[in-house]
Amino acid sequence: MLFFVSTITAQNQPEAINNKPTYQNPIFGGDYPDPSLLREGKDYYMVHSSFDYYPGLTIWHSQDLINWEPVTSALQKYVGDVWAPDLVKYNGKYYIYFPANKTNFVVTADKISGPWSDPVDLKIGNIDPGHITDDKGDRYLYFSNGDYIGLSKDGLKTIGEAKHAYDGWVIPREWSIECFCMEGPKLFKKGEYYYLTVAEGGTSGPSTSHMVISARSKTPFGPWENSPYNPVMRTQNSDERWWSKGHSTIFEDNNGKWWMMFHAYEKGYYNLGRQTLLQPVEWTKDGWYKVPDKIQTDKPISRSQGTVVSRFSQSDNFSGTELRPQWKFFGGVDNSRFKITNNSIVIKGKGNGVGGSSPMVCVPSGHSYMADVEMEIEGDAIGGLVLFYDNSHYSGILADKENILANLRGWQFETEKNVHKRHVYLRLKNINNNVDMFYSLDGKQWIKIENSTEVSSYNHNALSGFLGLRIALCSIGEGNVTFKNFKYSNL
């Protein structure tokens, strides 16, 4: 099963520039933060922060940087809240380094498609590991505080003590930022220099917070010289479409062009989370990279290759026997809790409310969309179709064995009584953050309940957590809920 990620649709596909094809950001619409990219010849692979959503560390593949398909999820075992990873290849083996639970882990594989190992604890704190290899083949990890430490040849343990090498770029005090907050070190070598790219300013907060900072050194240990073009990229004011641009990976494509893959929030749609964006970079005569003067993040950008396809659909008829890669369980996946059979997924009830149910979620990709699902209720279970931020923040529509329930910011109540007998269809219709809710007895005639909700405040600036609002299927209480015919469409 293949599906593609591209935000270019029939409504917003940009026209050609000087007869050359173009693309329009974002590359990944929705909650895809902290991108780390690896190129192998004509193939590109990318992984993002997966937080408490499991299976985690989903790896994506592309050959044109615009259209992406999932390969596998590299992390099955729950180790906590997974932050900014780094995907690398060394001596024919693949590695993903990532922080979780106040330490750093690594998973490995001989093939990008897996199988991937269980996580190995490197037993070192800090966040955002960035891998680099020197000319001798020795390996090192940088961290968000500017420290680095040696790695063994097999990459499974650290060597020696951490040493400090980089203090970052001094942000003018008069700028509106969230915090200094250096993070996301990514390193590569070009010519005689090693280049270190970091984010500064805070990943959220004011629109002008996050920024891309560059430095270079003739050794991987410094001393580091800051770029005269810093910040290489930054949101200048709140009138722009893309806010808090940062956490960039710099790379060369198969045609010798250079790019940055990064994340940003979208004005008015903070609740979508940090979306993945792509921009070209150019090299100056004195050996620094910068964004070309005419490039604007929110405008069509020329590209040299790739065929644009419509955005993939998250729709799922639950065929086969395996969970498709768009689905994650919040708080860890328990394979004994669900079964995919007869074009349906049966999920055992858990907890006594949405927050404790470890819902199965997927990422919405647009400003306006509709999601439907068919449900069958067994025992005293409650099933739901909910917009879910975290265990404390959610809203949606649910059903027990005979009633329809509304949940508005955690306030749950019966809104339509005695209207079905253990079989019902539910619908959410989100138009620019205003959400209407419906139910149906046959999947054709839909009845709107009186309760609607507004969801723009489900975002990190309001609630913390660095998360995005996701569509959730919930199975709560004693019994099972069978879900069928999940349909998703952008409106």
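T284 touches Y229 and K290, leaving aside residues up to four places away in sequence; contact means heavy atoms within 4.5 Å. The side chains of T284 and D286 are joined by a polar contact of 2.4 Å. Such a contact is a pair of N or O atoms within 3.5 Å, one able to donate a hydrogen and the other to accept it; residues adjacent in sequence count only if both atoms are side-chain atoms. T284 counts as buried because its relative accessibility is 17%, the limit being under 20% with a 1.4 Å probe, protein chains only.

This is a predicted model: local features need pLDDT of at least 70, side-chain atom pairs pLDDT 80 or more, while totals for chains, interfaces and linings use all residues. Residues are numbered from 1 along each chain, and side-chain values use heavy atoms, without hydrogens or water.

Now the spaces. A cavity is a set of 1 Å grid points where a 1.4 Å probe fits but cannot get out; a pocket is an open set with protein on both sides within 12 Å along at least five of seven lines; lining residues have an atom within 4 Å of a point. Volume is the space filled by probe spheres set on the points.

| Largest pocket | about 620 Å³ | L37, L38, L187, F188 and I250 |

Note on methods
Buried < 20%, exposed > 50% of the residue type's maximum accessible area, 1.4 Å probe, protein only.
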